[in-house]
Amino acid sequence: MSPAKLGLVGLRVSYGDRPALGGVSFDVGDGELVAVLGPSGCGKTTLLKVIAGLLPVSEGTIYIGGRSMEGVPTRDRSAALVFQHYSLFPHMSVADNVGYGLKARGVPRGERDVRVAETLALVDLEGYGRRAVHSLSGGQQQRVAMGRALAVRPDVLLMDEPLSSLDERLRAQMRRDIRAIVKAQGTTCLYVTHDQDEAMEIADRVVVLKDGLVEQIAAPLELYRSPASEYVARFLGHENVVEALVAGGRVGFLGATTDASLLSAAGGLA
């Protein structure tokens, strides 16, 4: 894996006496697309918000580009967040939405226009710059939101359930498009979803969260073939989870017994 662009070390966050993150640690390599997968309430969105600086951490450290983010405000972090419901400015054109972050950062008009045009081409919206955002389809609005985040050339792109409001056909297409766009830009991306198929299709690696804790981090195929726990197996949709009794070097299940070392060597015994 390439050197880490995003590093998370022992992140803990609590809402009152309820822990939301219980010590999350992992790295995201330069240009890597990592999906954070888990059910509602497991800490996925909280994780994105603390990386972006929208929520404080109780303990732990966030590194972006090798630099600690301790005490660094949101506006000074090289991280761009794409929200679940896009949060586009309805009174602005497509081009003005995409260029908003550049304008806020004081990028000169000429350079801003060039970068907006390049970004619109990247997200397949070339020629849409003067359109009103409300005239676009849901998929096109998603591309505008993504373009606005990419235009500022962040070190880390954070995406929070970006396809949840789209229909299934469009979600399937946008999965492929988002991966292609992120890879074409060489952007490091942390992508939050509760959809197993989405995570497995879009990501280089998947982080499975449960109750604010990391259950497993692995490439999609490894995650599917070798889930680290019953929770991971069931969350990925495995129905062939069976009870077994291990004793004396033997494993008994489904009325049969076998040598435990055989199952362990095959990755089938946890």
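Tyr100 is partly exposed, because its relative accessible area is 38%. For that term, buried means under 20% relative accessible area, exposed over 50%, and partly exposed in between, with a 1.4 Å probe and protein chains only. Phe89 also counts as partly exposed, at 24% relative accessibility.

Before I go on, the basis. This is a predicted model, in which local features need pLDDT of at least 70 and side-chain atom pairs count only at pLDDT 80 or more, while totals for chains, interfaces and linings use all residues. Residues are numbered from 1 along each chain as its sequence is written, and side-chain values use heavy atoms, with hydrogens and water left out.

Back to the rings. The structure holds 2 aromatic pairs. In the pair of Phe89 and Tyr100, the ring centres are 4.6 Å apart and the planes stand at 50°, so this pair is tilted. The rule is that rings of Phe, Tyr and Trp, the last by its six-membered ring, pair if their centres lie within 6.5 Å; planes under 30 degrees apart count as stacked, over 60 as edge-to-face, and the rest as tilted. Phe89 sits in the loop between β6 and α2, and Tyr100 in helix α3, so to speak of positions, they are 11 residues apart, and the pair links distant parts of the chain. Helices here are DSSP runs of H or I with at least four residues, strands are runs of E with at least two, and both are numbered from the N terminus.

The other pair is Tyr231 with Phe235, which is stacked, at 5.9 Å centre to centre and 15° between the planes. Both residues lie in helix α9 (residues 230-235), 4 residues apart, about one turn of the helix. Phe235 counts as buried because its relative accessibility is 14%.

Now the chain as a whole. It has 10 helices and 13 strands. Of its 270 residues, 45% count as buried. Among contacts with a separation of 6 or more, 62% come from residues 24 or more positions apart. Contact means heavy atoms within 4.5 Å.

Next, the sheets. Strands of a sheet pair through backbone hydrogen bonds, either parallel or antiparallel. Two strands are taken as paired if DSSP finds at least two bridges between them.

Leu6 stands opposite Val28 in β2, and the bridge partner of Leu11 is Val24. The hairpin of β1 and β2 has 2 residues between the strands, and Gly16 takes a positive phi near 65° there.

What does Thr46 touch, not counting residues up to four places away in sequence? The list is Val13, Tyr15, Ala20, Leu21 and Leu55. Thr46 is found in helix α1 (residues 44-52) and counts as buried, at 9% relative accessibility.

An open sheet of 6 strands has the order β6-β7-β8-β3-β9-β10, with mixed pairing. Its edge strands are β6 (79-82) and β10 (213-218), each pairing on one side only. Neighbouring strands of this sheet are turned by 20° against each other on average, direction ignored. β9 (residues 205-210) and β10 pair in the antiparallel sense over 5 bridges, and Lys210 has Leu213 in β10 as its bridge partner. Helix α6 (residues 168-185) lies across β3 (33-37), β7 (156-160) and β8 (188-193), running at about 140° to β3.

Last, helix α4 (residues 109-122). It has 14 residues and reaches 20 Å from its first C-alpha to its last, close to the 20 Å expected at 1.5 Å a residue; the expected span is 1.5 Å times one less than the number of residues. Its buried residues are Arg112, Arg115, Val116, Thr119 and Leu120. They cover an arc of only 135° around the axis, which puts them on the same side of α4; the arc is that of the directions from the helix axis to the C-beta atoms. The buried residues of α4 pack against α2 (94-98), α3 (100-104) and α5 (138-151). After α4 comes Asp124, whose phi is positive, near 60°.

Conventions: Axes are lines fitted to C-alpha atoms, for helices over the stretch in contact, and angles run from 0 to 180 degrees between N-to-C directions.
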